[in-house]
Amino acid sequence: MLINATQPEELRVALVDGQKLFDLDIETPSREQKKANIYKGRITRIEPSLDACFVEYGAERNGFLPLKEVSRDYFKGGTEPGGKLNIAELLHEGQEVVVQVEKEERGTKGAALTTFVSLAGRYLVLMPNNPRAGGVSRRIEGEDRDELREIMRNLDVPEGMGMIVRTAGMGRTPEELQWDLGYLLQLWRAIEQAANERQAPFLIYQESNIIIRALRDYLRADINEILVDDPTVHEQAREFMATVMPHNLGRLKLYQDAIPLFTRYQIESQIELAFAREVRLPSGGSIVIDHTEALTSIDINSARATRGADIEETALQTNLEAAEEIARQLRLRDLGGLLVIDFIDMTPAKNQREVENRLREATQLDRARIQIGRISRFGLLELSRQRLRPSLGEHSHITCPRCEGRGTIRSVESLALAVLRLIQEEAMKDRTERVLAQLPVPVATFLLNEKRAALSTIEARHGIVLIIVPSPHMDTPRYEVTRIRQDESRANGEAEPTYKLLSPPPAAQYEPKIGTRSTSQTPAVRMTPPPPSPTPEASPVRSKSQPAPPAAKPRASSGSLLKKVWDRLFGESAAPQPQPDKPETAEAAPPAEQATEKPTRRRRSATGNRRGRTKQRTETDTGTTRARSVAHRAEATPTEPPQASDSTDESVDQRGTDTDNGAPDTTGEDAPRSRRGRRGGRRRRRPATAAAPDTQTPAPETELGGGQPESRDIASSTPLSSTPAEAALPSDPFKRTAEGE
């Protein structure tokens, strides 16, 4: 996920797979998104013919609220359910309603509103006034769907509310879902309270900005990195992730390279293709995308595609490539509504089915709901796509001021002849004295030269005066023809010179907007950060306020040695040592000088023995690891405990596996360590044990693995339970991790 915020006029979020652009979202601060915002509005007009009403909610145009989107809580008293309902009998003008924007304003249409509010969380979508709605996301199928339905039955949902489990809720525990539900309920109570405190219209709750929406909706397990090239946006994303998803903080990175972020991943050219009308295919074909008022048409052209052995093979391969590219362009451009695709004609029915299946597979990853039909006998395929947000062209394109969005204009000759016929029609009317025509310079030039005789004939036949005024402020196809009657001419007196008859230039139809976010409406309820999730999503992350175990984790090359070292650090060995006379005290970590002398003692005890040489190499590696662990702890700050690594749970699982075997493993370093303790270690440690017998408390026992008592730290002279902060921790490492999270 790449987030580009270097320019204040645009904020872009792109999902990239390698160097291929997968999805794109662009937000313009000057054009704020209203979808999912919650307003308190006032009904201004009721239209029984449309079965709807218009609501003033604070925007330039009133919103459209159909009767089917009105909750029964707003109906007048005494209304009986069932039968045909008349909206004029249920609602009244001036009534205040809490509405949510369901569809953005488009063109001359106002926003579509609904009173059935939906609040999107991390794992759930809460519908507080729609008890009939609810369920599991359509993308979740099979056993996961049944499992989530079972979890939903155990959640504490207030009566009269509904909820939907999002795709991100798959695999979550009931505690995580209940945590998200509690936050959404708290948000809904704040919205209700704010709606009762003020009069309409005003903004109650504003949907999150593009950064929060992208992290909430697009962040999945298959996204490895989140790169942000702006420090302010990076901090904003970090605060949100630290609160809602702290386990993903490791993916968030600040991009500080001199090369622009999108240029580094070579996606700028792919973004520009999303604005183009024609998109080239790898085989040489192309697709052409045109927008109309009713639908969006997509045409596939074979162009220079010649890979197939015959015409059928060429048509099939081009259509398959076009199906995949069309699904990608739908995501990038966010095309919604009705779309019609004109595939290249294919005779075999199996080829048509193959193209249909390829299109369905390519649209599986789309977040929008898509309904796909079949290829008709005319080679057309119809599909409908949900509008998630304004399309790329709507917020980045403006209507051409010359052609007014049609894309073509009339030629000079055609427009000149049309003006000539209009002049003749105006001249034939009674009491006409003059006809004034203000025309673009090319059209006026054509009439005054090529059609001079026709103009003279009109003047002589009807006894009028024709005035042709070339206007430099006009472009084809604009013109202006004015008829001046005899009474108007006498009232105005003597006519002005023709060069003074020019109309003033038209006002600018487009004014660039400054890239600052509009602050005209401040939401009454701001998005408060939710409490941290009760359980981690992936690997546990220990908070800084909770002390980590002081044991250092050594690294070893062999698997068996790694198991025994983990046993020593985090748990007991597979079986207790047969030493009844040895006191239960922790072994002190030998200093670095003693660690270097161990190989010499090993050599004396294992001369000429292959097993002794193996033990010698093992002790050398272990001594070096212990020396590094002691040096690492000496450099650490004493006030801040070291952070636990992600392998803590793995070590606990490893210990449980070893202790379940029930048989000791003597091929590791247990025998050398016990022999070293009998030779000299006991004599050196006995005075320390006798001097402070009360300072060491026995480690609490745990039921993990084979039920062995918890081991002490072999790299420290103090047991794990000797520190007061660590003694207060639960003995179970799993419980300790859950409390930390």
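Predicted model: local features only at pLDDT ≥ 70, side-chain atom pairs only at ≥ 80, totals over all residues.
Local features need pLDDT of at least 70 and side-chain atom pairs count only at pLDDT 80 or more, while totals for chains, interfaces and linings use all residues. Residues are numbered from 1 along each chain as its sequence is written, and side-chain values use heavy atoms, with hydrogens and water left out.

Q: How many aromatic pairs does the count come to?
A: Rings of Phe, Tyr and Trp (its six-membered ring) pair if their centres lie within 6.5 Å. Planes under 30 degrees apart count as stacked, over 60 as edge-to-face and the rest as tilted. By this rule, the count is three.

Q: Which class of aromatic pair do Tyr39 and Tyr57 form?
A: The centres of Tyr39 and Tyr57 are 4.9 Å apart.

Q: Is Tyr57 buried or exposed?
A: Buried means under 20% relative accessible area, exposed over 50%, and partly exposed in between (1.4 Å probe, protein chains only). Tyr57 has a relative accessible area of 1%, so Tyr57 is buried.

Q: Which residue in helix α3 pairs with Tyr123?
A: Tyr123 sits in the loop between β9 (119–120) and β10 (124–127), and its partner in helix α3 (residues 174–197) is 56 residues away. The pair is tilted, at 6.3 Å centre to centre and 55 degrees between the planes. The partner is Trp179.

Q: The charged end of which residue sits over the ring of Tyr218?
A: A charge sits over a ring if NZ of Lys or CZ of Arg is within 6 Å of the ring centre and within 35 degrees of the ring normal. For Tyr218, the charged end lies 5.0 Å from the ring centre. The residue is Arg367.

Q: Which domains give residues to the lining of the second largest cavity?
A: A cavity is a set of points on a 1 Å grid over the protein atoms alone where a 1.4 Å probe fits but cannot get out, and lining residues have an atom within 4 Å of a point. The second largest cavity has 13 lining residues, with Tyr218 and Arg367 among those nearest its centre. Domain bounds come from an automatic or database domain assignment. The cavity lies between the two contributors, domain 1 (1–33 + 208–275) and domain 3 (276–396).

Methods
Helix = DSSP H or I, 4+ residues; strand = E, 2+ residues; numbered from the N terminus. 1 Å grid on protein atoms, 1.4 Å probe; cavity = no way out; pocket = protein on both sides within 12 Å on 5 of 7 lines; lining within 4 Å.
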